[in-house]
Amino acid sequence: MLHLPIANADVNGWALLLLGFFVGVLGGFFGTGGAYIITPSLHIFGFPMAFAIGTDIAHIFGKSIVASFKHALLRHVDFKLGLMMGLLGMIGVSLGKQAILYLEKIGQVGPIVRIVYMVLLFSLGLFMLKDYYWYSRLSEIQKESIERKPSRVVLWIRGLRLGPYISFPTSGVKNISIWIVVFLSISIGFISGFLGVGGGFVRVPILIYCLGLPTVMAVGTDLFAILITNSWGTYIYAMSGKVEIIGALVMLVGAAVGIQIGSAATGYVKGMKIRFYFGVTLVLAGVAVVLRHLLMPTLAGYLMLSSAAILSSLIIFMLIRAVAEERYRSKEEVYDKPKA
Amino acid sequence: MFESLNEYIVALYHLHKAQYGLIVVTLMALVGISVGLTTEVVLRLLGIRGEK
């Protein structure tokens with residue numbers, strides 16, 4: 001057992017390490033911090049709720065550095081867009097917190113936050129699953145072209161004539177109204193502050209479906225935006241004494257390994273497959289919120305914990321299989337080459 | 001060892017909250033980078049680069 005000096009609680013160190021690893025794999029693969037999995041799980045492990053949030057934010061900051069670096073190596077990060085989204089998102093976070101304070105004043109914070117959370121998780125999750133179902137029915141040639149073709153929403157947004165304009169050459173976004181980026185960034189920040197999460201589960205779908213970024217680019221850019229917002233969040237929470245440094249460090253060791261594996265897996269798995277698994281995770285997280293709403297928080301935590309373990313094992317399996325296939329193919333090529 | 005580390009953390013937090021905040025941010029960054037780099041080296045040795 002690991003003693004946490006500030007929260008004055010005892011938790012299992014191995015469980016923290018494993019939790020960090022599983023959520024790290026998912027984070028590197030989907031581009032999310034995973035607060036919706038970690039916070040309830042930490043609470044089950046014996047963390048007081050306020051410490052669970054602070055410790056979670058601190059470890060997400062540490063692992064987002066690793067993830068941003070890895071995705072930058074893979075050329076999956078648009079630094080300009082990520083920086084804008086991260087900095088503008090902070091304004092939204094403050095607005096979201098103000099909304100929470102108002103709801104707290106009128107005594108409606110709990111149910112409203114849970115309902116907004118449920119609606120967001122289910123609508124985004126089901127939309128991504130529907131998108132994958134539609135994609136899976138196409139022929140291989142159509143599949144190749146559809147991933148590169150921008151959707152109608154993206155074309156509409158890119159066609160809006162509302163100057164000044166900004167371009168993000170790394171993501172292939174040209175001459176888009178700056179107000180769209182400002183509006184989207186502040187809205188995502190607002191949702192983060194309102195729900196008390198990193199906002200990755202909203203930012204990734206918005207980057208894909210509204211700005212038209214390729215899936216892997218959305219994942220990398222989102223992780224960079226999380227790095228910016230969470231650096232400030234970690235400092236604020238640590239100053240108010242809500243970060244359990246030992247617990248956060250143990251989780252970070254697991255997460256830093258896991259996030260490298262998850263990030264590497266994005267290089268081998270098709271963008272649409274990532275969207276499918278992301279959709280599944282969001283729907284499961286939605287079910288967990290429903291369970292918490294029905295006063296079954298322990299069951300909700302176990303559901304998230306087990307689904308994180310299963311999904312991350314699946315991602316590791318996909319990575320191993322892809323690497324093995326690649327090696328087999330390269331060996332075949334060597335044998336097939338005619339001798340000079 | 002853990003006990004003395006725990007005592008040090010609690011004392012530091014009560015003495016300088018801002019300094020404690022900075023130490024948390026710095027430690028998270030350092031541990032994250034060092035574990036991440038080690039994993040990257042191990043993955044490359046195993047032939048998993050993630051670039052396709």
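Q: Why is Trp156(A) called exposed?
A: In this predicted model, Trp156(A) has 11 C-beta neighbours inside 10 Å, and since a residue counts as exposed at 12 or fewer, Trp156(A) is therefore classed as exposed. Trp156(A) belongs to helix α7 of chain A, which covers residues 152-159.

Q: Why is Arg75(A) counted as exposed?
A: Arg75(A) has 12 other C-beta atoms within 10 Å, and because the exposed class includes counts of 12 or fewer, this value places Arg75(A) in the exposed class. Arg75(A) lies in the loop between α3 and α4 (79-105) of chain A, and its phi is near 60 degrees, a positive value in a residue other than glycine.

Q: How do you know that Asn175(A) is exposed?
A: Asn175(A) has 12 C-beta neighbours inside 10 Å, and as the limit for the exposed class is 12 or fewer, Asn175(A) counts as exposed. Asn175(A) is placed in strand β4 of chain A, residues 173-177, and has a positive phi of about 45 degrees although it is not a glycine.

Q: Why are α12(A) and α13(A) described as roughly antiparallel?
A: The axes of helix α12 (residues 271-293) of chain A and α13(A) cross at roughly 165 degrees and come within 7 Å; angles over 145 count as roughly antiparallel, and the two helices are therefore roughly antiparallel to each other. Their crossing is right-handed. On the α12(A) side the residues in contact include Tyr277(A), Leu284(A) and Arg292(A), and on the α13(A) side they include Pro297(A), Leu303(A) and Leu311(A). The residues of this contact divide into 12 nonpolar, two polar and one charged.

Q: What makes α8(A) roughly antiparallel to α9(A)?
A: Helix α8 (residues 178-195) and helix α9 (residues 200-209) of chain A pack at an angle of about 155 degrees, with their axes 9 Å apart; with the cut-off at angles over 145, that makes α8(A) roughly antiparallel to α9(A). The crossing of α8(A) and α9(A) is right-handed. Leu184(A), Ile188(A) and Ile191(A) of α8(A) meet Val202(A), Arg203(A) and Ile206(A) of α9(A), and these residues divide into five nonpolar, no polar and one charged.

Q: Why are α1(A) and α12(A) called oblique to each other?
A: The axes of helix α1 (residues 13-30) of chain A and α12(A) come within 10 Å and cross at roughly 130 degrees; an angle counts as roughly perpendicular from 65 to 115 and as roughly antiparallel over 145, so α1(A) and α12(A) are oblique to each other. The crossing of α1(A) with α12(A) is left-handed. Leu26(A), Phe29(A) and Phe30(A) in α1(A) meet Ile274(A), Phe278(A) and Thr281(A) in α12(A), giving a contact of five nonpolar, one polar and no charged residues.

Q: What residues make up the contact between chain A and chain B?
A: The contact draws 33 residues from chain A and 27 residues from chain B. On the side of chain A that touches chain B, α3 (49-73), α10 (215-239), α11 (245-266) and α13 (297-336) each supply at least two residues, and the largest share, 10 residues, comes from α11(A). That side divides into 23 nonpolar, eight polar and two charged residues.

Q: Where does UniProt place a transmembrane region in chain B, and how much of that span is helix?
A: An unreviewed UniProt entry gives the feature "transmembrane region" at residues 20-46 of chain B. In the model, this span of chain B is 96% helix and 0% strand, and its end C-alpha atoms lie 38 Å apart.

Technical notes:
Residues are numbered from 1 along each chain as its sequence is written. Chains are lettered from A and ligands numbered from 1 in the order in which they are written. This is a predicted model: local features need pLDDT of at least 70, side-chain atom pairs count only at pLDDT 80 or more; totals for chains, interfaces and linings use all residues. Two residues are in contact if their C-beta atoms, placed from the backbone, lie within 7 Å. Helices (H or I, at least four residues) and strands (E, at least two) are DSSP runs, numbered from the N terminus. Ala, Val, Leu, Ile, Met, Phe, Trp, Tyr, Cys and Pro count as nonpolar, Asp, Glu, Lys and Arg as charged, and the others, Gly among them, as polar. UniProt positions are given in the numbering used here, feature names are shortened, and annotations may be inferred rather than shown by experiment. Axes are lines fitted to C-alpha atoms, for helices over the stretch in contact, and angles run from 0 to 180 degrees between N-to-C directions. Angles under 35 degrees count as roughly parallel, over 145 as roughly antiparallel, 65 to 115 as roughly perpendicular and the rest as oblique. A crossing is left-handed if the near helix is turned anticlockwise from the far one by less than a right angle, and right-handed if clockwise. A residue is buried if 20 or more other C-beta atoms lie within 10 Å of its own, exposed if 12 or fewer, and partly exposed in between; C-beta atoms are placed from the backbone.
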